[in-house]
Amino acid sequence: MDRLWGQAREELQKIVGTDSFSTWIEPLRLTGVADGTATIACPTRFLSDWVSRHYSDDILTVLDRMGGPVQRLSFETRSQTARQAAAPAVKRPAPRPAAGEEELAAPLDSRFTFDNFVVGKPNELAHAAARRVAEGGPVTFNPLFLYGGVGLGKTHLMHAIAREIQARQPEARVLYLSAEQFMYRFVQALRDRTVMDFKELFRTVSVLMVDDVQFIAGKDSTQEEFFHTFNTLVDQGKQIVISADRAPGEIKDMEERIKSRLQCGLVVDLHPTDYELRLGILQSKTDSFRAQYPGLLIAPGVLEFLAHRITSNVRVLEGALQRLFAFASLMGREITLDMAQECLADILRANDRKVSIEEIQRKVAEHYNIRLADMIGPKRVRTVARPRQIAMYLAKQMTSRSLPEIGRRFGGRDHTTIMHGVKKIEELRSADRGLSEDIDLLRRLLET
């Protein structure tokens, strides 16, 4: 039997190619031929299903030519022990054990729950969608794709979803990891020749959650494996939750078929925080700290000052507040406005980055693929006029320049023209989601 299978393997390698042979055929063993049926032993169920669908005809043809009449293949899954016992006596380095689910998954942070996630207009849709997935009921979208800049709450929601599902469905297998971990484990499996174990592990989870998926862009083999894993889980009705720092269509070097798959579910943007949301976060964190240190004193206006001045992201905002708490508790002093300005001087300076009108014009022109000269020129066609109005709006929002000065930078236009452009964009933002997302993206690019 071993001699027959050895000859068949040589022929199959010529037919399917070295790479496919190494991945799919080499792990197989022929254990018997009887009554026109050849029995093939496979290390995993996934491997047997794949070979049955893609290589049955090739195997049947080769076996029939070499060993007599074979009309059918029967696949059986062997245990790891049986596989080792039946392996050819070839001296190879012993493979390292495949990573188990516990070893593979990233640890969940107990601080990140739905209860302490502060909801505001910029993140209310993302929060509602995350809640729906976590409740475990029927979900009409798969995958859920969360995207946004640094410190806007993507990872918080991912951890909250995983913890809630585990609490509601203890039997569910929830696998949460970063895209870098996915890539590292896949490369490790290739090196250790345990790809089948890797595939089996990922394809048998109940919920797969991958954070920062943009990191697999440009990694061809990892993207290939991610694509097949994604398809298998969706076909099985398993939920997938993905996060990234930008929308699927904007991830450079990501395969088009993956972008298309990621966009077929619900894509939700976590918008930059507004003043009300930042103030709500500060108030929530202050209440939590007061519960531990009842003697904490904060002068009126301090939280409002921080919410107004620190606009980069929530992590910086929380870090600034934590620094004030630590200083006040160590020194036994009340947190006043003067203390905040002195203690947080470096953070406040960093958030005072000045954006010039010229920089705004250049970035908007690049985004909409128009000439910079058209931004200040007389053209009034829609493809030029709308980006010009967006640049006017951003100049009003992101600089301290007066309307007449902004008008002078836009080719000497009157301040009433600037007012009209700003008002027009404000009206369109509430009705045109695409335009609103463009403006948020441009704002993030200008703030970084």
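Trainee: How many bridges join strand β6 to strand β7?

Mentor: Strand β6 covers residues 207-211 and strand β7 covers residues 239-244, and the two run parallel. Helices (H or I, at least four residues) and strands (E, at least two) are DSSP runs numbered from the N terminus, and two strands pair if DSSP finds at least two bridges between them. M209 stands opposite V241 in β7. The number of bridges joining β6 to β7 is 4.

Trainee: What kind of model is this?

Mentor: Residues are numbered from 1 along each chain as its sequence is written, and side-chain values use heavy atoms, with hydrogens and water left out. Local features need pLDDT of at least 70, side-chain atom pairs count only at pLDDT 80 or more, totals for chains, interfaces and linings use all residues, and the model is predicted.

Trainee: What is the average twist from one strand to the next in the open sheet of 5 strands?

Mentor: This open sheet has the order β5-β6-β7-β4-β8, with parallel pairing. At its edges stand β5 (174-178) and β8 (266-269), each with a single partner strand, so one side of each has no neighbour in the sheet. From one strand to the next, the twist averages 15°.

Trainee: At about what angle does helix α11 run to β7?

Mentor: Let's look at the helices that lie across these strands. Axes are lines fitted to C-alpha atoms, for helices over the stretch in contact, and angles run from 0 to 180 degrees between N-to-C directions. Helix α9 (residues 179-192) lies across β5 and β6 and runs at about 95° to β5. Helix α11 (residues 220-235) lies across β6 and β7, and its angle to β7 is about 140°.

Trainee: Are α9 and α11 roughly parallel or roughly perpendicular to each other?

Mentor: Their axes come within 10 Å and cross at roughly 105°. Angles under 35 degrees count as roughly parallel, over 145 as roughly antiparallel, 65 to 115 as roughly perpendicular and the rest as oblique. The two helices, α9 and α11, are therefore roughly perpendicular.

Trainee: Which residues of α10 does α9 meet?

Mentor: The axes of α9 and helix α10 (residues 195-202) come within 7 Å and cross at roughly 145°. Contact means heavy atoms within 4.5 Å. From α9, the residues F182, R185, F186, A189 and L190 meet, in α10, V195, F198 and F202.

Trainee: How many charged residues are in the contact of α9 with α10?

Mentor: Here Ala, Val, Leu, Ile, Met, Phe, Trp, Tyr, Cys and Pro count as nonpolar, Asp, Glu, Lys and Arg as charged, and the others, Gly among them, as polar. The contact of α9 with α10 has 7 nonpolar residues and no polar ones. The charged residues in this contact number 1.

Trainee: What is the average twist from one strand to the next in the open sheet of 3 strands?

Mentor: The order of this sheet is β1-β2-β3, and the pairing is mixed. Its edge strands, β1 (29-34) and β3 (72-77), each pair on one side only. The twist from one strand to the next averages 25°.

Trainee: Is the peptide bond from N142 to P143 cis or trans?

Mentor: Most residues other than glycine have a negative phi, and most peptide bonds are trans. P143 sits in the loop between α7 (124-135) and β4 (144-147). With omega near 10°, the bond from N142 to P143 is cis.

Trainee: What value is phi of D35 near?

Mentor: D35 lies in the loop between β1 and β2. Its phi is positive in a residue other than glycine, with a value near 50°.

Trainee: Is the crossing of α13 and α14 left-handed or right-handed?

Mentor: Helix α13 (residues 275-292) and helix α14 (residues 302-309) pack at about 135° with their axes 9 Å apart, and are therefore oblique to each other. A crossing is left-handed if the near helix is turned anticlockwise from the far one by less than a right angle, and right-handed if clockwise. The crossing of α13 and α14 is right-handed.
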